[in-house]
Amino acid sequence: MATNSINPIPFSEPPYLRGLPSPYITDAHSRFQQACRKFMWENLIQHAMEWEKEGTVPEHVFKTFNKHNMLLPNMPAPLPVDWLKRLGINDILGVKVEDWDYIYTGIYLDELARSGLSGPGGSLNAGFAFGIAPIVKFGSKELQERFLPDLLTGKKRTCIAITEPEAGSDVANIVTTAVKSADGKYYILNGAKKWITNGIWSDYTTMAVRTGGPGPSGLSVMVVPLKNYPGVTMRRLKVAGQKAGGTTYIELDDVKVPVSNIIGKEGEGMRLIMTNFNHERLVISVGVTRQARVALSAAFSYCLKREAFGKTLMDQPVVRHRLAKAGAELESMWAWVEQILYQLCHLSKEEGDRQLGGLTALAKAKSAMVLNECAQVAVLLFGGSGFTQAGQGELVEAIYRDVPGVRIPGGSEDVLLDLSVRQLVKIYQAQEKKLSQSSRI
């Protein structure tokens with residue numbers, strides 16, 4: 001199908017790509033979407049299944065994306081315009097970097113996941129989406145000067161390393177230690193990080209470590225060298241889904257890191273990590289909703305032609321019922337994601353974090369539930385073909401294996417459900433206190 005054509009299969013595209021009016025999408029956004037879809041097809045999507053099966057996206061793909069500034073859209077909007085212009089980066093497929101907003105981000109992330117597989121896109125974007133932002137937002141000028149020129153241009157790769165064998169969503173109990181050397185010039189790191197996307201290919205990582213006592217107040221974040229660095233050992237992990245994502249186990253044995261590599265100040269790590277999670281969860285939510293689209297529309301198409309008991313599957317009421325329930329979840333999820341993207345375009349970073357942090361956590365959790373529903377429906381409707389890693393059901397089988405890799409990272413589902421309500425309660429209590437104070441004046 002031509003990259004600019006409208007897919008007629010129900011649930012296959014967001015409303016604005018089906019020709020329906022949208023309050024969010026401008027002509028400029030539409031032009032970028034068309035250019036983005038063409039670029040993604042030529043350089044990633046058409047090979048996605050092949051590369052996912054092989055477990056690795058060729059290195060030249062990362063270089064091609066960087067050459068066209070097509071990994072920068074993974075970063076939080078607005079982009080670091082001053083830095084980009086210093087580096088000679090002025091536009092992304094014709095969109096001026098100073099005009100970039102979260103609607104462009106949403107379009108990009110949707111197109112990046114168009115294959116339905118999270119591995120190929122995930123092999124490219126973890127550094128830009130999660131690893132660079134803390135340096136841009138909280139790093140000292142000296143730290144930025146040392147790292148951003150190579151990271152923003154893709155000359156060096158990075159990732160985010162928070163999760164440990166015994167501390168995933170429980171970030172406050174990270175045990176990897178960073179103790180200052182006797183001369184005070186270095187931190188000496190010991191510990192391990194696990195399930196680190198892109199780690200195996202990364203020159204550096206933005207890492208959460210314990211510089212102080214127990215609990216959140218003892219956490220800090222710093223830039224840690226990885227590839228070929230003394231004391232660092234890395235190996236790839238075999239995981240159920242996202243096989244091309246480069247999931248990595250990192251061991252740290254007396255690793256010397258200059259004290260100047262710290263991001264922000266000692267003890268500020270928890271705040272930096274939580275702030276960074278907001279964007280990470282939004283990135284996941286958009287991509288996951290596209291995966292759900294691919295699974296459900298594939299099932300819809302299959303049901304129109306597959307015959308059983310003398311009629312097509314689509315003629316069976318129970319099949320239509322399953323498709324309808326999953327479709328309602330999918331379209332509701334996309335409407336919510338678009339709403340959050342639009343709100344972020346019109347809120348300051350601080351206000352966006354405060355007002356939308358809990359809701360974004362909830363959206364990430366819900367998007368994973370929606371993917372689970374759509375992928376499960378697709379596998380069931382494909383029958384035996386949906387349980388086979390080849391043939392006409394291989395895509396929905398692969399998407400279904402991706403589901404746990406969405407429900408767990410970025411904060412596991414149950415943790416995020418609890419976090420979202422706690423955050424909403426905090427906002428309510430602050431507003432109630434403010435109203436109470438104003439009523440006494």
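Predicted model: local features only at pLDDT ≥ 70, side-chain atom pairs only at ≥ 80, totals over all residues.

User: Let's start with Thr205. What makes Thr205 count as buried?

Analyst: Buried means under 20% relative accessible area, exposed over 50%, and partly exposed in between (1.4 Å probe, protein chains only). Thr205 has a relative accessible area of 0%, so it is buried. Its place is in strand β6; strands (E, at least two residues) and helices (H or I, at least four) are DSSP runs numbered from the N terminus.

User: Which residues is Thr205 in contact with, leaving aside its neighbours within four places in sequence?

Analyst: With contact meaning heavy atoms within 4.5 Å, the partners of Thr205 are Thr158, Cys159, Ile160, Ala161, Met222, Val223, Val224 and Leu226.

User: How do you know that the buried residues of α8 line one face of the helix?

Analyst: In α8 (residues 141–152), the buried residues are Leu143, Gln144, Phe147, Leu148, Leu151 and Leu152. Looking down the axis of α8, these buried residues fall within an arc of 110 degrees, so they line one face. The arc is taken from the directions from the helix axis to the C-beta atoms. As background, an α-helix has 3.6 residues a turn, so residues three or four places apart point the same way.

User: And what do the buried residues of α8 pack against?

Analyst: They pack against α4 (81–86), α6 (118–131), α7 (133–138), β6 (204–210), β7 (219–225) and β10 (262–263).

User: Why is α6 called roughly antiparallel to α9?

Analyst: The axes of α6 and α9 (residues 269–305) come within 12 Å and cross at roughly 160 degrees. That makes α6 roughly antiparallel to α9, since angles over 145 degrees count as roughly antiparallel, under 35 as roughly parallel, 65 to 115 as roughly perpendicular and the rest as oblique. Axes are lines fitted to C-alpha atoms, for helices over the stretch in contact, with angles running from 0 to 180 degrees between N-to-C directions.

User: Which residues make the contact of α6 with α9?

Analyst: Ser118, Asn125, Ala129 and Phe130 of α6 meet Asn276, His279, Glu280, Val283 and Gln291 of α9.

Note on methods. Residues numbered from 1 in each chain as written. Heavy atoms only, no water.
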